[in-house]
Amino acid sequence: MKPRRSAALAGTGGLVALVSALALAPGAPAEPTALAAASCSPVSNIEAIIDDSGSMSFTDADKLRVSALQLLIDTPGNEKITLGAVEFGGALGLPGEPPAADVVFPPEPIGPNAAGMKGALQAKINADNGLTDYNAAFAAAQADNPNAKARIFLTDGGHVSGEYTNGHRGGPPTYVIGFSGATFGEDGDRLRTIASETGGRAFLQTDDRSLQAVMNEIGTTLTCQSPPEAFKDAFSSAGQSRAHGVSIASRARTAQLTLSWSSPLDSFTIGQLRVVKRGRVVAVVSRKRHLRLTTRKGSTFLVVKVAGLTTGKLQFKVRATRIGSGSSSVNLTTQVTQSRRR
């Protein structure tokens with residue numbers, strides 16, 4: 001299967017978005033995409049707002065929303081970012097039910113608190129919060145982290161608890177991830193409005209399978225990396241591999257390669273990284289002009305940060321190490337971004 005490439009706009013301000021848009025125009029050179037980061041200020045404080053209503057038990061049965069946030073936490077370079085998270089649902093009026101919204105973990109630097117954050121997500125995100133109440137969601141986010149510079153709002157459904165009071169207004173840029181029923185009609189329009197009125201962006205998906213890739217794109221946007229180049233591959237057995245390459249911009253110091261898939265019963269790795277220029281290998285792992293790798297792995301993702309870059313084409317192979325989910329064809333998404341920052 002021939003891989004498909006895609007790129008999306010990135011940036012936390014109008015100038016960055018404009019430069020990125022020009023970079024994606026047909027026939028435009030690749031260089032401006034990386035250079036856009038020069039005018040971008042990385043976001044230092046993020047609040048996640050996670051839908052944990054009852055419908056998530058079947059729209060996200062594998063809890064890929066948890067994996068997506070764990071990917072954000074584990075990404076190399078995010079250690080100094082302050083991250084807080086709240087979960088929300090809606091009251092059904094049943095005895096002993098949890099509150100409509102609750103803190104998963106308070107805002108703290110990711111580095112020393114990563115393990116606790118990931119544990120809290122696993123323990124508290126269980127599709128046990130009744131209905132879907134956006135009012136409770138944004139009120140809890142404001143109370144938990146009033147100093148947030150960006151929010152990530154993830155939901156599978158529209159607001160159903162009374163009239164929505166526009167709690168997003170006056171808040172920081174909100175990056176909305178909507179999937180399943182949240183993407184259609186009035187519900188989808190509301191999510192787009194939440195994103196546009198705050199200066200964020202809406203990512204409306206059909207299902208949960210792309211949650212990790214979308215979260216990675218939001219994370220790379222907030223940390224001033226280039227828009228991702230994405231490759232989509234299908235694998236039917238362990239040992240199969242696919243080769244890819246991306247051109248390295250002249251001022252890029254690091255690249256980030258993020259692999260994501262749906263089932264923890266499958267597994268993938270990446271290797272044979274090298275930079276080729278005019279047909280000659282100019283940098284590989286463990287040589288004089290070597291590439292330095294930082295690797296973080298979760299059950300459904302792998303993030304590799306590559307430092308020591310030089311101009312040329314970064315070539316690599318992704319390989320299936322286990323296909324155990326029982327699917328006849330397992331999909332893998334590989335995203336590559338570049339940054340001026342070390």
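Student: Why are α4 and α8 called roughly parallel to each other?

Tutor: This is a predicted model, in which local features need pLDDT of at least 70, side-chain atom pairs count only at pLDDT 80 or more, and totals for chains, interfaces and linings use all residues. Residues are numbered from 1 along each chain as its sequence is written, and side-chain values use heavy atoms, with hydrogens and water left out. The axes of helix α4 (residues 64-74) and α8 cross at roughly 30 degrees and come within 8 Å. Axes are lines fitted to C-alpha atoms, for helices over the stretch in contact, and angles run from 0 to 180 degrees between N-to-C directions. Angles under 35 degrees count as roughly parallel, over 145 as roughly antiparallel, 65 to 115 as roughly perpendicular and the rest as oblique. The two helices α4 and α8 are therefore roughly parallel.

Student: Which residues of α4 and α8 meet?

Tutor: Contact means heavy atoms within 4.5 Å. Leu64, Arg65, Ser67, Ala68, Leu69, Leu71 and Leu72 of α4 meet Leu211, Gln212, Met215, Asn216 and Gly219 of α8.

Student: What makes α4 and α5 roughly antiparallel to each other?

Tutor: Their axes cross at roughly 175 degrees and come within 10 Å. The pair α4 and α5 is therefore roughly antiparallel. Residues making the contact include Val66, Leu69 and Ile73 of α4 and Ala114, Met117 and Leu121 of α5.

Student: Why is α8 described as largely enclosed by the rest of the structure?

Tutor: Buried means under 20% relative accessible area, exposed over 50%, and partly exposed in between (1.4 Å probe, protein chains only). In α8, 12 of the 12 residues are buried, so the helix is largely enclosed.

Student: How does the span of α8 relate to the expected value?

Tutor: The expected span is 1.5 Å times one less than the number of residues. Helix α8 (residues 211-222) has 12 residues and reaches 17 Å from its first C-alpha to its last, close to the expected 16 Å. Just after α8, Cys224 takes a positive phi of about 65 degrees.

Student: What makes β4 and β7 the edge strands?

Tutor: Two strands pair if DSSP finds at least two bridges between them. Six strands form an open sheet with mixed pairing, in the order β4-β3-β2-β5-β6-β7. Strands β4 (101-109) and β7 (201-204) each pair on one side only.

Student: How many bridges join β2 to its neighbours β3 and β5?

Tutor: Seven bridges join β2 (residues 45-51) to β3 (residues 82-88), and these run parallel; Ala48 stands opposite Ala85 in β3. Five bridges join β2 to β5, also parallel, and there Glu47 has Arg151 as its bridge partner.

Student: Why is β5 called largely enclosed?

Tutor: Six of the six residues of β5 (residues 150-155) are buried, so the strand is largely enclosed. Ala150, Ile152 and Leu154 are buried on one side, and Arg151, Phe153 and Thr155 on the other.

Student: Why does Pro107 count as partly exposed?

Tutor: Pro107 lies in strand β4. Its relative accessibility is 27%, so Pro107 counts as partly exposed. Not counting residues up to four places away in sequence, Pro107 touches Thr82, Leu83, Gly84, Asp144 and Asn145.

Technical notes
Helices (H or I, at least four residues) and strands (E, at least two) are DSSP runs, numbered from the N terminus.
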